Every structure is written in structure tokens, then in C-alpha cells.
Amino acid sequence: MRRRSEPHTFEQRLEAQRLLLEHELASLPAGDQRDSVAARIEQLQTAAEMFEFLMPREVLAPR
């Protein structure tokens with residue numbers, strides 16, 4: 001039987017997506033597609049900052 005992986009947090013998913021896009025960005029030449037990927041990276045960073053701002057402090061406190 002197959003084991004299920006641990007669920008990933010929202011922050012982990014944002015970080016993983018950002019890393020994938022940064023890797024893709026490094027291989028793209030200047031142009032519209034590169035600009036689009038760079039804009040998406042900025043959106044992910046903003047989402048991570050907003051999530052941190054909106055989460056209750058108890059949830060973010062280290063255990």
C-alpha cells in the first residue's frame with residue numbers, strides 16, 4: 001500500500017513554487033515570458049507576506 005506524504009503548509013507550497021519559477025527565470029531570455037515569470041514571483045512573495053501579516057500570532061509562534 002502506498003504511503004501518503006505529509007501535507008504541506010501554505011507557506012511551503014508558496015516557497016516551492018517560487019523556487020521553481022526562479023529556476024525557470026534563470027533560463028529565460030529577456031522578453032515578455034521572462035517578465036511574466038518575474039511578475040509571478042513577486043505575486044508569490046506578496047502572498048507570503050500577506051499570509052504572515054494576517055495569521056494570528058499564536059499560529060506563527062515556534063513550538
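Accessible area here is the Shrake-Rupley area, taken with a 1.4 Å probe. On that basis the chain has an accessible surface of about 5,900 Å², and carbon and sulfur atoms account for 55% of that surface. Please keep in mind that this is a predicted model.

Start with the overall layout. The chain has 3 helices and 0 strands, so read from the N terminus as defined by DSSP runs, the order of elements is α-α-α. There are 63 residues in the chain, and buried residues make up 13% of them. Buried, for this talk, means under 20% relative accessible area.

H2 covers residues 32-54 and has 23 residues. From the first C-alpha to the last, H2 reaches 33 Å, which is close to the 33 Å expected at 1.5 Å a residue.

Which residues of H2 are buried? They are Val 37, Ile 41 and Leu 44. What do these buried residues pack against? They pack against H1, the helix that runs over residues 10-26.

In soluble globular proteins, nonpolar side chains tend to be buried together. The largest nonpolar core in this model has 7 residues. Leu 14, Leu 21, Leu 25 and Leu 28 belong to this core, along with Val 37, Ile 41 and Leu 44. Helices H1 and H2 are the elements that give two or more residues to the core.

Take Leu 44 as one example from that set. Not counting residues up to four places away in sequence, Leu 44 touches Leu 14 and Leu 21, and also Gln 17 and Arg 18.

Is Arg 18 buried or exposed? It counts as buried, because its relative accessibility is 17% and the cut-off is 20%. Leaving aside neighbours within four places in sequence, Arg 18 is in contact with Ile 41, Leu 44 and Gln 45.

Next, its charged partners. Side chains of opposite charge can pair when their charged atoms come close. How many salt bridges does a search of the whole structure find? The search finds 2. In one, the side chains of Arg 18 and Glu 15 meet at 2.5 Å, N to O. Arg 18 also forms a salt bridge with Glu 22, where the closest N and O atoms are 2.6 Å apart. Glu 15, Arg 18 and Glu 22 are therefore linked in a network of salt bridges.

The spacing is worth a word. An α-helix has 3.6 residues a turn, so residues three or four places apart point the same way. Arg 18 and Glu 15 are 3 residues apart in helix H1, so about one helical turn separates them. Glu 22 and Arg 18 are 4 residues apart in helix H1, again about one helical turn.

Last, the surface. Met 50, Phe 53 and Leu 54 make a nonpolar surface patch of about 380 Å². Leu 54 is found in helix H2, and it counts as exposed because its relative accessibility is 61%.

That is what I have on this model.

How values were computed. Residues numbered from 1 in each chain as written. Predicted model: local features only at pLDDT ≥ 70, side-chain atom pairs only at ≥ 80, totals over all residues. Heavy atoms only, no water. Core = buried A, V, L, I, M, F, W, Y, C linked by side-chain atoms within 4.5 Å. Buried < 20%, exposed > 50% of the residue type's maximum accessible area, 1.4 Å probe, protein only. Contact = heavy atoms within 4.5 Å. Patch = residues over 30% accessible without salt bridge, like charges linked within 9 Å, V, L, I, M, F, W, Y side chains within 5 Å. Salt bridge = Lys/Arg side-chain N within 4 Å of Asp/Glu carboxyl O. Expected span 1.5 Å × (residues − 1).
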